[in-house]
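I opened a new notebook page for this structure.

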Amino acid sequence: MARALPVSPTLSTTAGLCLAFLLGLPLTVAVWPYVGQLSGLSADAVTEFVRAPGLMVAIGYSLVLATLAPLLACYVALALSARPSPRLLGWLAPLLSIPHLAFAVGVLFLFGPTGWLVRGWHSLFGGFESPPASALLADRSLFTLFWVLLLKEIPFLLLMIQSALTQIPAERYLQAGQTLGHSRLASWWQLVVPELLTRLRLPMAAVVIYTLSVVDVPLLIGPNLPGVWAHQVFQWQQDFSAQAAHSALLGSLVLIVLAVLLLWLNRQHERLYAGLVRGCRRANVTVLPWLGGLGLLMHSIPRLWLPLMAMLSLGGMATLVVWSLAQSWFYPDLLPGTFSLSTWQSEWPFLAPPLWQTAGLALVSASVGLVGALVCLEWQARRERFWPQWVLLLGLLVPQLPLVMGWQFGLSALHLDPQGYWVLWAHCVFTFPYAYLMLSGDYRRFNRRWLLVGQSLGYSAPACWFRILLPILKQPILYAWVIAFSVSVAQYLPTQLLGAGRVVTVTTEAVNIGSGGDRRLLGLYAFWQLLLPLILLLSAALLNRRARYRFAPR
């Protein structure tokens, strides 16, 4: 069959440039400086690194966190998807757009020892005259970090599951299982879930690597002395001693080894589940008991989960606003004694520059990442040959800290000063794979015969793309842009290490303020970090609704 649109030299050149600057160059620049750095290491430096206090505990923390949180989030998302809500996709976009850092601060303000939940309990039932030593979530602990990352990753995996369900005949599988005497729930876990796990391999890998290498959230709510491994490596990187630099280098290599191990475990999990399902079939067991219990539990609250997550997000946002407006708020008062705009007024001259810088960086990098994803997808579609997804998603499958440290080493080796455009480039490197991941499923499912119809009516290839494909895929393109914008807003490591303090965003300021303990300032900066993606999301939703109304039949 003839191609719907020709592969033009301009498109091939643009796709090559996108792949070079957003995939090839970042990996090359990150790898080659390590060779020179490692050649200068001495045996004493390695010995000091191995003897570092808390080394094995920090590695253990990271392994437990990056293994259990993604797995539990995956199975909760699978259980919720067995009986999907028609409002699911509408709820997921706002939940996905909230940056991890703002979500973590909001959750801590709600469930911490002096959080709103404890204050509300005291107001209603008494007790807790002083902040409890063991609230639902401590201010800093591995347990708190675990639950924040778990709750934040469920919406992302839910969206990936909804995309994967369009690629398999799930309803046919469920009907086949029911004709053989199994319940719909048993058919879901034994017939549909094995297929979904295969298609969730890359999204799960991205979640695992993010959980392993995230730094800004552990800096605020993670355990101390020792912290998780990425936190420990980052602290070494921020030290100016030679031994700390050597430890950071070796620690980043350990982080890469841990990432390889966890990616292998992620692959084995898929095989293990398939083997367990086959074993259950041979033993005539309808469904794995603990999965059945989880499924029944999730099925009993599918209509409540999304509103609960929305209430959690709105409650976190409300606490950020209240703390930023509180003149004084002493425990155990449910509300501040007085509200005042003094914090906003006094801090606005300092907040406005990083706020505009954050918005500018995010708009440009999200647009570049989105255009790069669209160009690469269109180039592959016209060639009728798609690359394996993991190749385009390498930016998500490599731990961020070693990657950014490699860029920092490379810039130093080339005697290049930290500048804003290096930070912008680094943000584009991370917005590109997220935009590609969000768009890939819809782009591949698009029926390109519509483009042939457009050409038969006399339209040129670019006109067919803009008049046919772009309007049909407008909604996923807009939401991919919003997610890429949110990813840029949330970037801490590239901004901090490549900007060297010259590029300041609300995210870097929120992390710095969080270490000082001023909750009013932290609430203000975290609120604006959360508000920026929501503003863009609302704008995208209005544009989409306006276009739908414009083209609706009269």
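I began with Phe527, which counts as buried at 10% relative accessibility. The model is a predicted one, and I kept that in mind throughout.

Next I looked up the ring partner of Phe527. Trp344 and Phe527 form a tilted aromatic pair, with 6.0 Å from centre to centre and 55° between the planes. Trp344 sits in helix α16 (residues 342-383) and Phe527 in helix α26 (residues 519-550), so the pair ties together parts 183 residues apart in sequence. Trp344 is partly exposed, with a relative accessible area of 21%.

I then turned to a second tilted pair, Phe432 and Tyr436, with centres 6.3 Å apart and planes at 45°. Both residues lie in helix α20 (residues 420-445), four residues apart, a separation of about one helical turn. Phe432 is buried at 1% relative accessibility, and Tyr436 is buried at 0%.

How many aromatic pairs are there by this rule? I noted a count of 22. I also found a cluster in which ring pairs link Trp407, Tyr421, Trp422, Trp425 and Phe430.

Last, I took the overall view. The protein has 26 helices and two strands. Its radius of gyration is 25 Å, close to the 24 Å that the globule rule gives for 554 residues, so the protein is as compact as a globular protein of that length. I noted that 54% of the 554 residues count as buried. Among contacts with a separation of 6 or more, 83% come from residues 24 or more positions apart. For charge, I wrote down 34 positive and 18 negative side chains, with the centres of the two sets 18 Å apart.

Terms used:
Residues are numbered from 1 along each chain as its sequence is written. This is a predicted model: local features need pLDDT of at least 70, side-chain atom pairs count only at pLDDT 80 or more; totals for chains, interfaces and linings use all residues. Side-chain values use heavy atoms; hydrogens and water are left out. The radius of gyration is taken over C-alpha atoms; the globule rule is 2.2 Å times the number of residues to the power 0.38. Buried means under 20% relative accessible area, exposed over 50%, partly exposed in between (1.4 Å probe, protein chains only). Contact means heavy atoms within 4.5 Å. Lys and Arg count as positive and Asp and Glu as negative; His and the chain ends are not counted. The place of a charge is taken as NZ of Lys, CZ of Arg, CG of Asp or CD of Glu. Rings of Phe, Tyr and Trp (its six-membered ring) pair if their centres lie within 6.5 Å; planes under 30 degrees apart count as stacked, over 60 as edge-to-face and the rest as tilted.
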